[in-house]
Amino acid sequence: MENNRKAWLYLLPAFLFLGAFLVYPLIDVFLYSFEECYNFASQTYQGVGLYNYSYVLHDPYFLQAVKNTVLLVVITVPVSTGLALALSVGLSSIEKLRELFQTIYFLPYVTNTLAVGLVFMILFKKTPYTDGLINLLLHLFGGPTVDFIAGPYWAKMLVLCIYTVWVVMPFKVLILTSALASVNPMYYNAARVDGTPQWRVFTRITLPMISPTVFYLIITGFIGAFKAYSDAVALFGVDLNAAGMNTIVGYVYDMLYGNSGGYPSYASAAAILLFAIVLTITCINMLVSRKHVHYV
Amino acid sequence: MDYEKLEKRAAARKRVTRAVTYALLAVWALVVLFPFYWMVLTSVKSYGAYNSEYIPQLFTLSPTLQNYRDAFTAVPLARYFANTVVFTLLTTGLMLVVTVLAAFAFARLEFRGKDLVFTLFLSLMMIPNELVVITNFVTITNAGLRNTFVGLILPSVTSVFYIYLLRESFAQVPNELYYAAKVDGTSDLRYLWRVLLPICRPTLVTITILKVIECWNSYVWPRLITDDQNYFLVSNGIQEIRENGFGRENIPAMMAAVVVISVPLIVLFLLFRKKIMAGVARGGTKG
Amino acid sequence: MKVTLQHVTKQFPGRGKGARAVTAVNDFDFTLPDGKLVGLLGPSGCGKSTTLNLLCGLLKPTSGKICFGDEDVTQLPAEHRGVGMVFQNYALYPHLTVRQNIRFPLENLRGKDKLSKPEMEQRVRDAAALVQLEELLDRKPSELSGGQQQRVAIARALVKTPRVLLLDEPLSNLDARLRLQTREEIRRIQRKTQVTTIFVTHDQEEAMSISDEIVVMKDGVVQQIGRPQEVYDSPVNLFVAKFLGTPPIHLFRGEVHNGRLLLGGAAVLAVPGVPEGPVTAAVRPEGFVLDEQGPLACTLNGVEVMGRDISVVCRHPDCENTVIRAIISAENTVPAGGTVRFALKPRKVFLFDADTERRIPFEA
């Protein structure tokens, strides 16, 4: 009895925090999303129903955000995973300078996304005073100059994708390098003695052996990219709707607070829609993986 | 078959592969490093010089520290900085206390319903932050805690994942140590402090580092909960500088501010490189 | 395929600054006859695994030549050597089925060696039949027992009809009963395929029981090469004598005087032609004959009955082993307690120079 009380005492702080800021909000967000015409000032609502969802789904800003987010996911997840795989394989095949490269590659992980985003902005931006470094390079190779920050949609999307890949690479390279290091070298020796060509060693042995890790990175990559927000803020500023570069998470926050803010009900509906999407995609991923991933 | 030729061809192919590998690795290293170089470079160019460069110069012969002076005087960068340090230290400290106590209860103490509670607890890991932030915003606003450290810190304190990580680490310490301590009349708290924590130091270091990185870079919650510059953290500060910074578009000064907020974590990283990378490999998620 | 090693030496760079290079294999010179089963035997760290890796091409020798038949393959990379290798932990690809594992080397064949699908299937079936695994072709390696995994590894090594088959400690991961069974299996498969086979082991009994020839190594240097019985009956030095045989050989501090071997002052054996002076005398356990008039007197400790044989456990002051275990036929009766006396079989006694540990021959 005394033991019981003591244990709960140890758990009390954690449970208080979790209850107040995780469990209660989780229930509450569903309630919000069904309360129609919720007034933040008077904290009253007029009815219960699906109006909030319908509003969000018909909001052009939301649809734009969904389009942006989906494009971002579809482009950056394969690109970053593939690039990380190539770099990790390269890293594992060398000895000299390996630590140096690993250290450099990890740097973006420990930098402030907002701050370094500004550097990307000035690199890509075109102003009356200067075309910016990237445009200079484009010009050098005979290309047209484009304002990547306030110009056409594809240019803005391109910068966002480049910056996102830059930001997510450290984690992926780190995880893949350690997965590659954990493959027992005896398999490579066996393959060599059997005269296996390099590319076949990679596709038939290395890749299947690290497939659980690759798959883990793809799933977390999907989830992470669907929640993209601060990268976009860093590049295009807080008013993402005006820039046409909002993401779903950005839409949620804008609904909650900021220029168009004050609508927790719409925000809740949008957030729940987002997680319905993420959940569906993750489930599909899981089903696909069962077929293609080898778990020892 | 001509073995010598075969051998030579294999060696040549190996050299080419090696060269291509190094080239690819070097290119990415350049891509990673270049923004850092550019931000430092721009931060030491004078305002006039920067704005008169229609074609950006890749180096400067007359570096100046004026931008750093501007960054600290024209905008309250020092205040953002101090706020972030306070926020990071308090949040991490509180998180450690709460996490250690809970992990100890789950790992070491016996109580009724422990398995059920732990399972429910683990299922909380699946709740995404973006869902709960809405209600938290309303809660904190209604409690009148906007623009206070309390409002900033409280919702960021607990992490189910860190409790789980630490519990696993605690659970690996042999039971005999606990019984031996009990026989010697050691209290639970003393055992926790003198035996368990020293043994599990690597995990503690890991979660501390991860939390510090998370705090230093946190943007969304502070943005929602503060609109008074006196409570801005560096991320919000930098965004504020960007939106209506120095009264005019002063990019060199902006870059100086960026350098200042980037340096602490980079220094921390270079000092504890191995530990941080191992920690992130175990428990990191960003990406 | 005859395999020849000519003065093969392998050195590894020492670790740390100024460290001296480590010589793992020193001047290995030997021709393996075609179609034989050869056991490479020695304690751990003697260079036998390095020798195996030199043969399969995973390592290149520092100096010397390796030939398969008349071809010099010294510089040929492992990929092109066409050897089959069974690794100590089998190295079966865990994500592939048994069938896919065995087929793997065949899929690497290119150019004129390229096989069609049905040909591959046939070869896989043949290899599986050889090691009696037809039933298990669709299982994953993790679903097999250790012995079955071992056989898959052998099938995978044999399926490409290698010029040479190499086995690295093939039995070390099996339990005692399976070990006995599997070594017979290896012998049978080798006889049937007639492929030149080299296997590495630290277990002398294993090597003796199935090899056509054994190579005993120590510290990177070959000590002796020969048929197992020959090496057992006529070891060239003290190391080989000690390394072969269970129970181990017994060593006595002795002296030769007037063509007689003296142990503890008693003349126990006539050793004509041996120079005077101190020697190390080694006696095989089966070299003792119970004899009431025998010259070698030992203090009896007890008797261990083993069925067909009995082992007489006793002590002698000049014996370097803690106890002597003399193996004699169970038909003998051993006196209870006190002193037991033996005569020695001259063919089971070897003399070694006390300093150089080389064998000193004598007319038995």
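**A close look at a helix pair**

Modeller: Happy to! Let me begin with the chain that holds the pair: of the 296 residues in chain A, 47% count as buried (a residue is buried if 20 or more other C-beta atoms, placed from the backbone, lie within 10 Å of its own, exposed if 12 or fewer, and partly exposed in between). This is a predicted model, in which local features need pLDDT of at least 70, side-chain atom pairs count only at pLDDT 80 or more, and totals for chains, interfaces and linings use all residues. Residues are numbered from 1 along each chain as its sequence is written, while chains are lettered from A and ligands numbered from 1 in the order in which they are written.

Chain A has 13 helices and 2 strands (DSSP runs numbered from the N terminus, with H or I over at least four residues for helices and E over at least two for strands). Along the principal axes, its C-alpha atoms fill a box of roughly 75 × 75 × 35 Å. Among contacts in chain A with a separation of 6 or more, 66% join residues 24 or more positions apart; two residues are in contact if their C-beta atoms, placed from the backbone, lie within 7 Å.

Now the pair itself. Helix α3 (residues 60-93) of chain A and helix α7 (residues 153-181) of chain A have axes that come within 7 Å and cross at roughly 40 degrees. Here axes are lines fitted to C-alpha atoms, for helices over the stretch in contact, and angles run from 0 to 180 degrees between N-to-C directions. α3(A) and α7(A) are therefore oblique to each other, since angles under 35 degrees count as roughly parallel, over 145 as roughly antiparallel, 65 to 115 as roughly perpendicular and the rest as oblique. By class, the contact of α3(A) with α7(A) has 20 nonpolar, 7 polar and 1 charged residues (Ala, Val, Leu, Ile, Met, Phe, Trp, Tyr, Cys and Pro count as nonpolar, Asp, Glu, Lys and Arg as charged, and the others, Gly among them, as polar).

Ala257(B) is buried, with 31 other C-beta atoms within 10 Å. Beyond its neighbours within four places in sequence, Ala257(B) is in contact with Ala71(B), Leu77(B), Ile238(B) and Ile241(B).
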